[in-house]
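User: Hello! I am new to this structure and would like to learn how to read it. Could you walk me through a few features?

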Amino acid sequence: MPNTAPSLSRFLAVAFLAAVLFGCATPPDRSDKEAYAEFEAINDPLEPLNRTIFSFNQAIDAMFLRPWADFYRLLLPPPLREGIHNILNNLRSPIILANDLMQGEFERAGTTTGRFLINTTLGVGGIADWASDFGLPYHNEDFGQTLAVWGAPEGPFLIVPLLGPSNPRDALGIAVDNLLIDPIVWWVRVNPDDREWLQYVRTSLTILDVRAQTVDELDDLQKSSLDYYAALRSLYRQFRTSEIYQGQPPPPEEGPRLDDFPAIPLE
């Protein structure tokens, strides 16, 4: 029987190279300083490839995520959805705390610790967010933000299949948070046969929670945008910059303002 591994590897390598090459946007001539400056500011050299993946993600959303989000909103009353949202946020506390500490943000680390202790006890496992009433508001941190604080460049804008807007720095951050830092993942690995289903439930609820919270806002944005892809690209980059600068980002360069978009508990 012939060995097909080398030919398969060669095919995948050629396919990847072709996708990158034919998916690259052609930069304007450097002599056109205004156009070239805009190309640099948008930071989307893979735009043709990104738009193709964006269309794929939109189709997946229309077929699966949006109908499930609508059913979730119809089935569960707002207080119950809020309780699930609070539990998911509480479960992220160890990830947020680790990134607070890696960024040297010790005051915010204290806030995260206090929130976790109060909401886990008084809030009955995180269902109620009593910590906010005690002056300890929620904030998000992740390893993508930590890399930014350490000086790592974001890299080009990316649309990740099934995940959506990102960049190499944030994509690496998601992997580190969810594969290395999250203590629940390590707890599941100890006995995956009995515990792995809990991780699937948590991941599914997180996706459903995020999508259900943004149904109305994304609908409005899509209706009001001449280019929905460009609007989401701009909002994502502004949203991440705002998180990295803890709500005090530099002035936006293009597209809709971040204030037009809701706070999203991204993971």
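Predicted model: local features only at pLDDT ≥ 70, side-chain atom pairs only at ≥ 80, totals over all residues.

User: How many salt bridges does a search of the whole structure find?

Analyst: Side chains of opposite charge can pair when their charged atoms come close. A salt bridge here is a side-chain nitrogen of Lys or Arg within 4 Å of a carboxyl oxygen of Asp or Glu. The search finds 15 of them. One joins Glu47 and Arg233, at 3.5 Å from N to O. That pair links distant parts of the chain, with Glu47 in helix H3 and Arg233 in helix H13, 186 residues apart. Helices are DSSP runs of H or I with at least four residues, numbered from the N terminus.

User: Is Arg233 buried or exposed?

Analyst: Buried means under 20% relative accessible area, exposed over 50%, and partly exposed in between (1.4 Å probe, protein chains only). Arg233 has 4% relative accessibility, so Arg233 counts as buried.

User: Which residues are linked with Arg233 in a network of salt bridges?

Analyst: The network links Asp44, Glu47, Arg51, Asp227 and Arg233. Within this group, Asp227 forms a salt bridge with Arg51, their closest N and O atoms being 2.7 Å apart. Asp227 sits in the loop between H12 and H13, while Arg51 belongs to helix H3, 176 residues apart. Asp227 is partly exposed at 31% relative accessibility, and Arg51 is partly exposed at 28%.

User: How do I read a helix such as H12?

Analyst: Look for where its buried residues point. In H12 (residues 215–224), Val215, Leu218, Asp219 and Leu221 are buried. Seen down the helix axis, they fall within an arc of 165° and so line one face of H12; the arc is that of the directions from the axis to the C-beta atoms. The face turned away from the buried side carries the exposed residues Lys223 and Ser224.

User: What covers the buried residues of H12?

Analyst: The cover includes H3, H11 and helix H13 (228–244), where contact means heavy atoms within 4.5 Å.

User: And where does Ile207 lie?

Analyst: Ile207 is found in helix H11 (residues 192–213). Ile207 is partly exposed, with a relative accessible area of 42%.

Terms used. Residues numbered from 1 in each chain as written. Heavy atoms only, no water. Helix = DSSP H or I, 4+ residues; strand = E, 2+ residues; numbered from the N terminus.
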